[in-house]
Structures are given as C-alpha cells and as structure tokens.
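Subject: Structure handover

Hello,

Here is the structure for your files. My notes follow below it.

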Amino acid sequence: VVRLGGAETGDSVLFTLAATNRYFESSTVSTTLRLLGPPSAPESLSVQEVSNGIEMTWLRPSDTGYGDQTANVTGYIVTSSLCSNFRELDDNGDSCRTSEFSVGSSGQ
C-alpha cells in the first residue's frame with residue numbers, strides 16, 4: 001500500500017514504473033489514477049406514507065467521491081428506528097426496533 005502525502009480527493013496522480021537489474025533500468029510505463037473519497041450525504045430526504053407502506057425520495061450527493069458528481073453512486077443504506085437518535089432503548093427503557101436495508105443505484 002502506498003500512502004500519498006498531499007494528495008486530495010479528486011486529484012489525478014501519475015504513477016510510473018521501471019524494472020531494474022544489477023546494471024540496467026528499463027524504460028517506464030505509466031498510468032494515472034483519480035483519487036476517490038467518500039461521497040457527501042444525500043440531499044433533500046423526504047418520507048411520506050402511502051397506501052401500501054412508505055415512499056422515500058432524495059437527491060444524489062453533491063459530491064459523489066471525486067469532489068464533484070462524476071463518480072457513480074453504487075447504492076444507499078437506509079436505516080429506520082422507532083427511537084429517536086437510533087438509541088437501543090427508548091425513554092421508558094424498552095428496546096427499540098431498528099432495521100437497515102440497502103438500495104441499489106443505477107449509477108446516478
């Protein structure tokens with residue numbers, strides 16, 4: 001693993017590689033990698049009750065990992081809880097029910 005000091009999310013980093021033996025060094029090959037970071041939070045979350053459950057809508061993050069919206073979002077994790085702040089116990093000391101599921105994304 002190589003740690004890049006000073007490189008930031010969205011930076012394009014050039015890597016080169018050469019082989020050596022006791023007397024010689026080869027020509028180099030190179031490639032560029034754009035550094036991916038974590039996306040920002042989705043925006044404009046809305047939840048409403050519908051006849052057969054709930055409907056959730058949101059907007060994609062303003063930063064999807066490269067400091068802009070060019071990276072694909074591959075999914076979202078939805079968590080629900082009957083307790084505020086997703087605590088394990090409610091104010092009466094009763095156990096809270098939480099659930100979590102993943103939602104796939106078409107890369108938008």
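Is W58 buried, partly exposed or exposed? W58 is partly exposed, at a relative accessible area of 26%. The cut-offs: buried is under 20% relative accessible area, exposed is over 50%, and partly exposed is in between, with a 1.4 Å probe and protein chains only.

Ground rules first. This is a predicted model, where local features need pLDDT of at least 70, side-chain atom pairs count only at pLDDT 80 or more, and totals for chains, interfaces and linings use all residues. Residues are numbered from 1 along each chain as its sequence is written, and side-chain values use heavy atoms, with hydrogens and water left out.

Aromatic pairs

The whole structure holds 2 aromatic pairs. Rings of Phe, Tyr and Trp (its six-membered ring) pair if their centres lie within 6.5 Å; planes under 30 degrees apart are stacked, over 60 edge-to-face, the rest tilted.

Y23 and F24 have ring centres 6.3 Å apart and planes at 65°, so this pair is edge-to-face. Y23 counts as exposed, at 63% relative accessibility. F24 counts as exposed too, at 60%.

W58 and Y76 also pair edge-to-face, at 5.0 Å centre to centre and 65° between the planes. This pair links distant parts of the chain: W58 sits in strand β4 (residues 53-59) and Y76 in strand β5 (residues 75-81), 18 residues apart. Y76 is buried, with a relative accessible area of 14%.

Fold and shape

The protein chain has 0 helices and 6 strands. Both are DSSP runs, numbered from the N terminus: helices are H or I with at least four residues, strands are E with at least two. The order from the N terminus is β-β-β-β-β-β. The radius of gyration is 23 Å, well over the 13 Å of the globule rule for 108 residues, so the chain is more spread out than a compact globule. That radius is taken over C-alpha atoms, and the rule is 2.2 Å times the number of residues to the power 0.38. The C-alpha trace spans about 75 × 30 × 25 Å along its principal axes.

Burial and contacts

Of the 108 residues, 13% count as buried. Take the contacts (heavy atoms within 4.5 Å) between residues at least 6 apart in sequence: 32% of them join residues at least 24 apart.

Regards
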